[in-house]
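Me: Please take a close look at the helix packing in this model and explain it to someone new to it. Where would you begin, and what lies around it?

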Amino acid sequence: MTNTQWWKNDVFYQIYPRSFKDSNGDGIGDLQGIISKLDYIKSLNVDNIWLSPIYKSPMVDMGYDIADYKAIDPIFGTMQDFDELLAKAKKLGIGIIMDLVVNHTSDQHAWFKAALKDPNSKYRDYYIFKHTDNGKAPNNWRSIFGGSTWEPVPNEPGTFYFHTFAKQQPDLNWENPALRQEIYKMINWWLDKGISGFRIDAITHIKKDLDWANISPDADDGLGSVVRKGRNRPGVDKLLDDLYEHTFANYDAVTIGEAYGLKADDLKKFVGPNGYFSMIFDFNYMNIDVADVDEWFRGQPNWSIQDLKDIIFKGQKGIKAADGWYANVLENHDQPRVLSKLIKDTAAQSPKAAKALGLMYFFLPGAPFIYQGQELGMKNFKRQSIDEFNDISSINNYHLAIENGVNADKALQIVNNKSRDNARTPMQWDDSVYGGFSQHTPWLPMGNQRVDINVEAETNDSNSVLNFYREMSNIHHQPAIKTLLTNGEFKPIQDVQQDVVAYQLSNDEHSMNVLVNLSNSNQNFSKAFSGTIQIDNYQNKYSEPISITSLSPYQAILIYK
C-alpha cells in the first residue's frame, strides 16, 4: 500500500491520560475524561490525538511498562471506552495515535512470567537472559534509570536478565523471529481496529551489540552507559526494515519514531521517501538544558539563544537533505515545561514569552505537536523533597547525583528543573483546588504556579496563550500556508541579532517570515520585513500590509507576502 502522506499538514495533540481529566473521582485521568473534553480538543483545530500508554500496566514507569498490549488498564477504563473514544473522535475528524512500546515489556507480562517460570519455555528466548559461572553480572553496562542493566533471576544463581530502563522493564529479544512475529500481529491488530497510527517509543534501542563486552566506566560506580552499546547500533536497520515490511507498509497510517542517537546520515533511512517511519521527533534542541539526557547530574550547559537557533536550523537542513519530515515539539511527557526551560529569566516567564516560543516552532517545516497544557503556558513546579516525586527517572537521577558527589540541595534543584513530573501535573481546567481535573486528591500534586493559567480563564481572554495557539492552528491549516510548509524553501534569516530566531519559507508565488525575539530588550533590524501580519503575540491589529523594522521584548510575528 502507498502511504498518502495525509499527515504532513496535520497538527497533533499529545494527551497524558493519567493527568488529563478524571471522570470517576478517583484522582486519576481516564478515557471517559478524554471523551468529555473532545470538543475542547477540537477547538484547538488539531487533527490527531496521541495517547500516552493506556495499556494494562503495573505503572512502575507510568504505563511504559506494558503487561498486556491488547488490554486497557482498569484505571483508564475499558476497551469499550476506548472504542467509544475512537468513534467519537472520528466523528469530529480527529484520529487516535497509540503509543507503541516494543523495546521492552513489564516484568508482569505473561511472556516474562512464563520465561521466569520455565527456563526451557519458548518465552525464555523472547527476552535476553545470560548465565555467568562466577555469579557476577555479564558486563558493566549501566541502565538508563541507573544501576546495572542486569537483574539476577530468582532461584537461578548466576543467571541474569537484561533491561535498558528499569529492572521491571525487561528488554525484548528482537534477534528472535518468533518474538518479532508476535509484536507484528499485535501492531496489525490495533491498526485493523481503526487507529490512525503510532508514536513509537525508544525504537533505536531494539538492537544491542551482541559481543556483550565490558566498556570503559564513565562514573564513580564503575559502570558505562548502555546507550554506547544499545542504541542505534549496527544492524538496527535490518530489524526496522522487517518491522516496516510486516506492519506499516500495509496500512495508510502515520508513524512517529522516538529516535534518539541518530546522525544526519541516518535520517534518510528513517524518514526518507522509503523510510521506516512517517516522521521522527526533532529532539536536537529538546535537551539543550542538560549535558547528558539520561544523567542530569553531569551539568547544565551555558547555552544561548544563538545556540538554540543554530541547532534548530541545522536540524532543518539535515531533514531537508534526507527528503524527510520532522515532528516538531516543544514539550512532551518526558520534558519539563518549555516556558520554565527556555526562558531563563523567571520574571520573563510570561504569556507573551509562551506565545513567542509557540510561534518559533509551530511554522517550521514538519508537523507541530502540542503537549497538553503547553497551550496554556503551564510552568514547572518546585518540590521541597525527593519524596514528593513520582517519576522513576527523577528519583534515580537524584540518587545517582548524590552517589557522584553532588550535595542533596543541588541534586534536588537539578531534579526540580528536569523532572518528567513537571509535565505530568494535572491539566488545569479552572482555578478550583484541583484545577477542574478531579473532585478527588490527584494522583500527582498540582503545579504550584497556576494563577490565571487554566482553560476557563484563558478561553475568556482574547489575549491568552490558549487563544494564540488556536489562532496558530487555524493559520497552519490555511491552504497558502500549508503549501509553503510542505513545498516551500526553508531559509534561516541570518542578518538579525543573536536573540532573534528568524526564518523564511518561500516559493515562486509567495513567502512567509517568522520573526521571534527571545530577549527582554527591543531588537532593531538592518532591513525591513514587509507583508501582511498573520499573527502577532502583542495582539496588534493590521488591516494593511506593513513593514517591520524592529521587535519589542518577546514579540513574535508571522508575515505573509
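Reply: Helix α5 passes helix α7 in a right-handed crossing (the near helix is turned clockwise from the far one by less than a right angle). This is a predicted model, in which local features need pLDDT of at least 70 and side-chain atom pairs count only at pLDDT 80 or more, while totals for chains, interfaces and linings use all residues. Residues are numbered from 1 along each chain as its sequence is written, and side-chain values use heavy atoms, without hydrogens and water.

Helix α5 covers residues 177-193 and helix α7 residues 236-246 (helices are DSSP runs, H or I, of at least four residues). Their axes lie 10 Å apart and form an angle of about 40° (lines fitted to C-alpha atoms over the stretch in contact; angles run from 0 to 180 degrees between N-to-C directions). That angle makes α5 oblique to α7 (under 35 degrees is roughly parallel, over 145 roughly antiparallel, 65 to 115 roughly perpendicular, the rest oblique). From α5, the residues R180, Q181, Y184, I187 and N188 meet L239, D242, L243 and H246 of α7 (heavy atoms within 4.5 Å). By type, the residues of this contact are 4 nonpolar, 3 polar and 2 charged.

A second pair is α11, residues 351-362, with α16, residues 465-476. Here the angle is about 20° and the axes are again 10 Å apart, so α11 and α16 are roughly parallel to each other. The crossing of α11 past α16 is right-handed. On the α11 side the contact is made by P351, A354, K355, G358, L359, Y361 and F362, and on the α16 side by V465, F468, Y469, M472, S473 and H476. Those residues divide into 9 nonpolar, 3 polar and 1 charged.

The largest nonpolar core holds 145 residues, and F82, I183, F277 and F363 have the most contacts inside it (buried nonpolar residues joined through side-chain atoms within 4.5 Å). The largest share of this core, 8 residues, comes from α11. Leaving aside residues up to four places away in sequence, F82 touches L31, L51, I54, I72, I96, M98, W190, K193 and I195. Apart from this core lies another, of 15 residues, among them W141, F145, A202 and V227.

K229 sits in helix α6, residues 227-230. K229 is buried, at a relative accessible area of 11% (under 20% is buried, over 50% exposed, in between partly exposed; 1.4 Å probe, protein chains only). Not counting residues up to four places away in sequence, K229 touches W141, K207, K208, D209, D211, A213 and I215.

Note on methods
Helix = DSSP H or I, 4+ residues; strand = E, 2+ residues; numbered from the N terminus. Nonpolar A, V, L, I, M, F, W, Y, C, P; charged D, E, K, R; others polar.
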